[in-house]
Amino acid sequence: MITQPLLLGLLPPYSILLACSAAVGLGLSAWMVSEDKKRTIDTGLGILLISLIGARIGYILINLSYFRNNLNLIPQFWLGGLTWSGALTGAGLAFLGIHLVWKKSIADLVDNFLPLIGSVVVAIWLTGWGAGIGYGPRTEAWFGIPV
């Protein structure tokens, strides 16, 4: 009998790749910042959390008629249902909130967290590519998404 490792049996590959990319991005962001590295990591985790909440709220708003009848499913984000537009809005609100609290320019904040943003975006697109999720015309090129 072949058994899967415990982690792979519980989590889908999308979650594993996204968590690994977020960890790498947080590490690179903390490495780039010369001053307070712990504060940078804590802030990055906050940005990720608010982005996750925004992604879930975006999905709920798009499918509001379904969630009106299933209120108990609203907080269950692990069942699926996230939107990139909601995540982007959540990240923008997180950066705006950090800007208002720290009185630091948004451009400097985004520059500090560019490795985090970039690694998470690349992981999302790679997992979508692997799952055959894509937009646009069908192509036969080697880099095309098999839809």
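Which residues form a nonpolar patch on the surface?

1. Leu49, Ile53, Ile57, Leu61 and Leu64 form this patch, with about 460 Å² of accessible area together. A patch takes residues with over 30% relative accessible area and no salt bridge, nonpolar side chains being joined within 5 Å. A salt bridge is a side-chain nitrogen of Lys or Arg within 4 Å of a carboxyl oxygen of Asp or Glu. Areas follow the Shrake-Rupley method with a 1.4 Å probe.

2. This is a predicted model: local features need pLDDT of at least 70, side-chain atom pairs count only at pLDDT 80 or more, and totals for chains, interfaces and linings use all residues. Residues are numbered from 1 along each chain, and side-chain values use heavy atoms, without hydrogens and water.

3. Helix α3 (residues 37-62) supplies four residues, the largest share of the nonpolar patch. Leucine 61 lies in α3 and is exposed, at a relative accessible area of 57%. Exposed means over 50%, and buried under 20%. Helices are DSSP runs (H or I, at least four residues).

4. The largest nonpolar core has ten residues: Ala22, Leu26, Ile47, Ala94, Phe95, Ile98, Leu109, Phe113, Leu116 and Val120. Its largest share, three residues, comes from α5. A core joins buried nonpolar residues through side-chain atoms within 4.5 Å. Isoleucine 47 touches Ala94, Phe95, Ile98 and Phe113 (heavy atoms within 4.5 Å), leaving aside residues up to four places away in sequence.

5. Helix α5 (residues 84-102) has 19 residues and spans 27 Å from first to last C-alpha. Its buried residues include Gly86, Gly90 and Ala91. Just after α5, lysine 103 has a positive phi of about 60°.

Note on methods
Helix = DSSP H or I, 4+ residues; strand = E, 2+ residues; numbered from the N terminus. Expected span 1.5 Å × (residues − 1). Buried < 20%, exposed > 50% of the residue type's maximum accessible area, 1.4 Å probe, protein only. Patch = residues over 30% accessible without salt bridge, like charges linked within 9 Å, V, L, I, M, F, W, Y side chains within 5 Å.
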